[in-house]
Amino acid sequence: MNLLIYKTPEELNQDLADYIIKIAEVSIEENDRFNFVLTGGSSPKALYKLLSTECKHRIDWEKVYFFFGDERNVPADDENYNGLMAKKTLFDELGTAADHIFYINTTLAPEKAAIEYKKALDKHFNGSDIVFDFILLGMGDDAHTASIFPHTTLVKDEEATVSSVFVEKLNTYRISLTAPLINKAENVAFLVFGDNKAEAIKHVIGDEVKDFDTYPSQLIDPIDGKLTWFVDEAATKLLEA
Ligand code: 6PG
């Protein structure tokens, strides 16, 4: 695991954008495509804008396929829909073709949406192993990632798939990649900044003895792939040096 600590989110985003572009270049060179899983939440907005503006001409975006690590159980035109945030900050600017964006279909009931998303992934990967080139993850101040929230069924889901989950604390359903599916990826990067994440980071990265039920982000440990944490100093202030 690689831990990169930055003074500011701006510096972090610049390096993370370069990192993503470099990996995309290699994937496109080798496989003629780059399968990129996006995180939701607010943290990635500036990064997505950077990718769709300053980095717009650095790679052939027509070779990039976009997926979502999780989705809220809301309509696609809802401000809380991760797909809408990505559309506004990334896809519209890049002019991404519809068949290169794999939205999670929340017009379906959560369980059905998860089943259909998994089917779409199986089709995209021609029925072979679903190994994403790059999965970008955020982390909540409760140490959840994607929609793998503490003390939920998703923490114990051992299947590499897409599942729905009822999140009691939010009183809502979510659809999410499971940790085993995330751990198949070639590259996984966490994007975490801000004081409010320091307590969670202290445990997720700092604790020798793991407690997945309380700190689900500890589940992220790629089998063959590379894990890198892009964090700022505020989020790591409680980590022992
Ligand atoms: C979501 C995300 C989730 C997010 C964290 C952090 O749907 O909300 O996928 O896992 O990354 O909640 O969110 P912030 O970046 O807004 O702190």
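A residue counts as buried under 20% relative accessible area, as exposed over 50%, and as partly exposed in between. The model shown in these views is predicted.

**View 1. Salt bridge between Asp129 and Lys184.**
The side chains of Asp129 and Lys184 form a salt bridge with an N to O distance of 2.8 Å. This pair links distant parts of the chain, 55 residues apart: Asp129 sits in the loop between helix 4 and strand 5 (134-137), and Lys184 in the loop between helix 5 (179-182) and strand 8 (187-192). Asp129 has a relative accessibility of 48% and therefore counts as partly exposed. Lys184, at 25%, is also partly exposed.

**View 2. Salt bridge between Lys7 and Glu233.**
Side chains of opposite charge can pair when their charged atoms come close. Here the side chains of Lys7 and Glu233 meet in a salt bridge, at 3.2 Å from N to O. Lys7 lies in the loop between strand 1 (2-6) and helix 1 (9-31), while Glu233 lies in the segment after strand 9 (226-232), so the pair ties together parts that are 226 residues apart in sequence. Lys7 is exposed, with a relative accessible area of 58%, whereas Glu233 is partly exposed at 39%.

**View 3. Salt bridge between Lys56 and Glu93.**
An N to O distance of 3.3 Å separates the side chains of Lys56 and Glu93 in their salt bridge. Because Lys56 belongs to the loop between helix 2 (45-52) and strand 3 (64-68) and Glu93 to helix 3, the bridge ties together parts that are 37 residues apart in sequence. Both partners are partly exposed: Lys56 has a relative accessibility of 27%, and Glu93 has a relative accessible area of 39%. The count for the model comes to 15 salt bridges.

**View 4. Packing of helix 2 and helix 3.**
Two packed helices are described by the angle between their axes and the distance between the axes. Helix 2 and helix 3 pack at an angle of about 5°, and their axes are 8 Å apart. Angles under 35 degrees count as roughly parallel, and helix 2 and helix 3 are therefore roughly parallel to each other. On the helix 2 side, the residues that meet helix 3 are Lys45, Tyr48, Lys49, Leu51 and Ser52. Their counterparts in helix 3 are Met85, Thr89, Leu90, Glu93 and Leu94.

**View 5. The loop between helix 3 and helix 4.**
Thr96 lies in the loop between helix 3 (82-94) and helix 4 (110-124). With a relative accessible area of 18%, Thr96 is buried. Leaving aside neighbours within four places in sequence, Thr96 is in contact with Phe66, Phe91 and Ile101. Ala97 is placed in the loop between helix 3 and helix 4 and is partly exposed, with a relative accessible area of 37%. The C-alpha atoms of Ala97 and Ser163 are separated by 26 Å, and these residues are 66 residues apart along the chain.

**View 6. The two sides of helix 4.**
The 15 residues of helix 4 should span 21 Å at 1.5 Å a residue, and its end C-alpha atoms are 21 Å apart, which agrees. Pro110, Ala113, Ala114, Tyr117, Lys118, Leu121 and His124 are the buried residues of helix 4. They cover an arc of only 135° around the axis, which puts them on the same side of helix 4. On the other side of helix 4, Glu111 and Lys123 are exposed. The buried residues of helix 4 pack against strand 2 (34-38), strand 3, strand 6 (162-167), strand 7 (172-177) and helix 5. A network of salt bridges links Lys112, Glu116 and Lys119. Just after helix 4, Asn126 takes a positive phi of about 50°.

**View 7. Buried residues of helix 6.**
In helix 6 (residues 198-206), Ala198, Ala200, Ile201, His203, Val204 and Ile205 are buried. The cover over these buried residues includes strand 1, strand 8 and strand 9.

Asp32 has a phi near 65°, a positive value in a residue other than glycine. Asp32 is in the loop between helix 1 and strand 2 and, at 44% relative accessibility, counts as partly exposed. For His151, another residue other than glycine, phi is positive and near 60°. His151 is found in the loop between strand 5 and strand 6, and its relative accessible area of 54% makes His151 exposed.

Note on methods:
Residues numbered from 1 in each chain as written. Predicted model: local features only at pLDDT ≥ 70, side-chain atom pairs only at ≥ 80, totals over all residues. Heavy atoms only, no water. Helix = DSSP H or I, 4+ residues; strand = E, 2+ residues; numbered from the N terminus. Buried < 20%, exposed > 50% of the residue type's maximum accessible area, 1.4 Å probe, protein only. Contact = heavy atoms within 4.5 Å. Salt bridge = Lys/Arg side-chain N within 4 Å of Asp/Glu carboxyl O. Expected span 1.5 Å × (residues − 1). Arc of directions from axis to C-beta. Axes fitted to C-alpha atoms, helices over the stretch in contact; angles between N-to-C directions. Parallel < 35°, antiparallel > 145°, perpendicular 65-115°, else oblique.
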